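Hi,

Here is the structure I promised to pass on.

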Amino acid sequence: MKTFRFIGIVMMTVLMCMNFSSCSDDSNDDTKNKLLGVWKQVNYLQGYYSRNWIYIQFNNDGTCYYSSDVNTLSAKNQASWGYSENSKMLRIYTEDGYYTYNFDFEFQDNGDWIGTENINGKETIYIYAKYK
């Protein structure tokens, strides 16, 4: 009888451990949520090309607005965006589908993010800080 009780306790313990385990990784959603809002380009390191996107506003619906002036962020300059946790790639693509911008992406300890764009083997590194 003690053996059956012991086996029952072990089985319950195993079942409890399985119930508290998670099968999904929420870090992709965490990164997307951290990106929401308006970001200001605070620096870029010499590279192939300098984007005139001083401000970028990432929206929850997968759209983003970009402008050189924070007061003109609107659907007039709209693109779509997506982020892949596996490849650490931030993609911004224009609504007409003509341009796709790929940034190797990483958050810094201070909350800023760095995007590295590679065009024809030449890198440009953009640094953005949260604006609001």
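Let me start with Asp 69, which sits in the loop between β3 (63–67) and β4. Before going on, please keep in mind that this is a predicted model. Asp 69 comes out as partly exposed, since its relative accessible area is 32%. Its side chain has a polar atom 3.0 Å from the backbone nitrogen of Asn 71.

**The whole chain**

Stepping back, the chain has two helices and eight strands. Reading from the N terminus, the order of elements is α-α-β-β-β-β-β-β-β-β. There are 132 residues in the chain, and buried ones make up 31% of them. If you take the contacts between residues at least 6 apart in sequence, 38% of them join residues at least 24 apart. As for surface, the chain exposes about 9,000 Å², with carbon and sulfur atoms supplying 51% of that.

Is Glu 85 buried or exposed? Its relative accessible area is 17%, so Glu 85 counts as buried, the cut-off being under 20%. Lys 88, on the other hand, is partly exposed, at 37% relative accessible area. One backbone detail for your list: Lys 88 has a positive phi of about 55 degrees, although it is not a glycine.

**Strands β6, β7 and β8**

Next, the strands towards the end of the chain. Strand β6 (residues 100–107) and strand β7 (residues 113–119) run antiparallel and are joined by four bridges. They form a hairpin with five residues between them, and in that turn Gly 111 has a positive phi of about 100 degrees. β7 also pairs with strand β8 (residues 122–130), again in the antiparallel sense, over seven bridges. That hairpin has two residues between its strands, and Asn 120 in the turn shows a positive phi of about 55 degrees.

Asp 104 stands opposite Thr 116 in β7, and Thr 116 in turn stands opposite Ile 125 in β8.

**The aromatic residues**

How many aromatic pairs does a search of the whole structure find? The search gives 10. Take Trp 39 and Trp 113: their ring centres are 6.3 Å apart and their planes are at 70 degrees, so this pair is edge-to-face. Trp 39 belongs to strand β1 (residues 37–45) and Trp 113 to strand β7, so the pair ties together parts that are 74 residues apart in sequence. Both Trp 39 and Trp 113 are buried.

The two tryptophans also belong to one aromatic cluster, formed by Trp 39, Phe 58, Trp 81, Tyr 83, Phe 105, Phe 107, Trp 113 and Tyr 128. One of these rings has a charged neighbour: Lys 34 lies over the face of Phe 107, at 4.2 Å from the ring centre.

Which side chain does the side chain of Gln 41 make a polar contact with? The partner is Tyr 128, at 3.3 Å, and Tyr 128 is one of the residues in the aromatic cluster. Gln 41 is found in strand β1. With a relative accessible area of 10%, Gln 41 is buried. Finally, compare Gln 41 with Lys 130: they are 89 residues apart in sequence, but C-alpha to C-alpha they are 9.0 Å apart in space.

**If you only have a few minutes**

- Thr 116, which has Ile 125 in β8 opposite it.
- Trp 39 and Trp 113, for the edge-to-face pair.
- Lys 34, over the face of Phe 107.

Over to you now.

Cheers

Key. Residues are numbered from 1 along each chain as its sequence is written. This is a predicted model: local features need pLDDT of at least 70, side-chain atom pairs count only at pLDDT 80 or more; totals for chains, interfaces and linings use all residues. Side-chain values use heavy atoms; hydrogens and water are left out. Buried means under 20% relative accessible area, exposed over 50%, partly exposed in between (1.4 Å probe, protein chains only). Two strands pair if DSSP finds at least two bridges between them. A polar contact is a pair of N or O atoms within 3.5 Å; within protein, one must be able to donate a hydrogen and the other to accept it, and residues adjacent in sequence count only if both atoms are side-chain atoms. Rings of Phe, Tyr and Trp (its six-membered ring) pair if their centres lie within 6.5 Å; planes under 30 degrees apart count as stacked, over 60 as edge-to-face and the rest as tilted. A charge sits over a ring if NZ of Lys or CZ of Arg is within 6 Å of the ring centre and within 35 degrees of the ring normal. Contact means heavy atoms within 4.5 Å. Accessible areas come from the Shrake-Rupley method with a 1.4 Å probe; for residues, only the protein chains shown count as cover.
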